[in-house]
Amino acid sequence: MSRLAAALAHESSNVRRLAASALGKIGDPRAVEPLLDRLAHETQPQVRQYSIKALGRIGDPRAQAKLEEIAASSAEQAYNLKAAQLALENIQRTG
């Protein structure tokens, strides 16, 4: 898990996107903080999307505030707004 978390800071947006996707599939709650940190700095919409989806799959309530912020943002891509809404629904179901 630590190598994937470290890959979230890779210079390649494709590597960051794939790392976020893998972390979501693994579902380890230790990935929540690295994913939240990535969202705080990430500008590439697809990396943001996969980070959002990963947080939704993990379902940890620590991600709720950031996901609510994203879901309410007019600056986000429509697919990221939808991903944040779905992630929040999953957190509410599992939390």
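User: In which helix is the place of arginine 48?
Analyst: This is a predicted model. In this model, the place of arginine 48 is in helix H4.

User: Is arginine 48 buried or exposed?
Analyst: Arginine 48 has a relative accessible area of 10%. The cut-off for a buried residue is under 20%. With 10%, arginine 48 is therefore buried.

User: Which residues is arginine 48 in contact with, leaving aside its neighbours within four places in sequence?
Analyst: Arginine 48 belongs to helix H4. Once neighbours within four places in sequence are left aside, the residues in contact with arginine 48 are Leu39, Glu42, Ile70, Glu76 and Asn80.

User: Where does asparagine 80 lie, and is asparagine 80 buried or exposed?
Analyst: Asparagine 80 lies in helix H6. Its relative accessibility is 0%, so asparagine 80 counts as buried.

User: Which residues is asparagine 80 in contact with, leaving aside its neighbours within four places in sequence?
Analyst: Arginine 48 has Asn80 among its contacts, and the list for asparagine 80 includes Arg48 in turn. With neighbours within four places in sequence left aside, asparagine 80 is in contact with Pro45, Arg48, Gln49, Ile52 and Ile70.

User: How do helix H4 and helix H6 run relative to each other, parallel or antiparallel?
Analyst: Helix H4 covers residues 45–58 and helix H6 covers residues 78–94; their axes are 8 Å apart, at an angle of about 10 degrees. Angles under 35 degrees count as roughly parallel. H4 is therefore roughly parallel to H6.

User: Which residues of H6 make the contact with H4?
Analyst: On the H4 side, the contact is made by Pro45, Gln46, Arg48, Gln49, Ile52, Lys53, Gly56 and Arg57. The residues of this contact divide into six nonpolar, five polar and three charged. On the H6 side, the residues are Tyr79, Asn80, Ala83, Ala84, Ala87 and Asn90.

User: At what angle do H2 and H4 pack, and are H2 and H4 parallel or antiparallel to each other?
Analyst: The axes of H2 and H4 are 8 Å apart, and the angle is about 10 degrees. H2 and H4 are therefore roughly parallel to each other.

User: How do the residues of the contact of H2 with H4 divide into nonpolar, polar and charged?
Analyst: H2 contributes Ser13, Arg16, Arg17, Ala20, Ser21, Leu23, Gly24 and Lys25. H4 contributes Gln46, Val47, Tyr50, Ser51, Ala54, Arg57 and Ile58. The residues of this contact divide into six nonpolar, five polar and four charged.

User: What is the distance between the end C-alpha atoms of helix H2?
Analyst: Helix H2 has 14 residues, 13–26, and at 1.5 Å a residue these should span 20 Å. The model agrees with that expectation, because the end C-alpha atoms of H2 are apart by 20 Å.

User: Which helices do the buried residues of H2 pack against?
Analyst: The buried residues of H2 are Arg16, Arg17, Ala19, Ala20, Ser21, Leu23 and Gly24. These buried residues pack against helix H1 (2–7), helix H3 (32–41) and H4.

User: Which residue caps the N-terminal end of H2?
Analyst: A side-chain oxygen of the capping residue lies 3.3 Å from the backbone nitrogen of asparagine 14. The cap is serine 12.

User: How far is the backbone nitrogen of serine 12 from a polar atom of the side chain of histidine 10?
Analyst: Histidine 10 lies in the loop between H1 and H2, and at 36% relative accessibility histidine 10 counts as partly exposed. Leaving aside its neighbours within four places in sequence, histidine 10 is in contact with Val15 and Arg16. From the backbone nitrogen of serine 12 to a polar atom of the histidine 10 side chain, the distance is 2.9 Å.

User: Which residue just after H2 takes a positive phi?
Analyst: The phi in question is about 75 degrees. The residue that takes this value just after H2 is glycine 27.

User: How far apart in space are leucine 81 and alanine 71, C-alpha to C-alpha?
Analyst: Leucine 81 lies in helix H6. Not counting residues up to four places away in sequence, leucine 81 touches Ile70, Ala71, Ser73 and Glu76. Leucine 81 and alanine 71 are ten residues apart in sequence, and their C-alpha to C-alpha distance is 4.8 Å.

User: What is the C-alpha to C-alpha distance between glutamate 68 and alanine 84?
Analyst: Glutamate 68 is found in helix H5 (residues 64–71). With a relative accessible area of 38%, glutamate 68 is partly exposed. Glutamate 68 and alanine 84 are 16 residues apart in sequence, and in space they are apart by 7.2 Å.

Definitions and conventions: Residues are numbered from 1 along each chain as its sequence is written. This is a predicted model: local features need pLDDT of at least 70, side-chain atom pairs count only at pLDDT 80 or more; totals for chains, interfaces and linings use all residues. Side-chain values use heavy atoms; hydrogens and water are left out. Axes are lines fitted to C-alpha atoms, for helices over the stretch in contact, and angles run from 0 to 180 degrees between N-to-C directions. Helices (H or I, at least four residues) and strands (E, at least two) are DSSP runs, numbered from the N terminus. Angles under 35 degrees count as roughly parallel, over 145 as roughly antiparallel, 65 to 115 as roughly perpendicular and the rest as oblique. Contact means heavy atoms within 4.5 Å. Ala, Val, Leu, Ile, Met, Phe, Trp, Tyr, Cys and Pro count as nonpolar, Asp, Glu, Lys and Arg as charged, and the others, Gly among them, as polar. The expected span of a helix is 1.5 Å times one less than its number of residues. Buried means under 20% relative accessible area, exposed over 50%, partly exposed in between (1.4 Å probe, protein chains only). A polar contact is a pair of N or O atoms within 3.5 Å; within protein, one must be able to donate a hydrogen and the other to accept it, and residues adjacent in sequence count only if both atoms are side-chain atoms.
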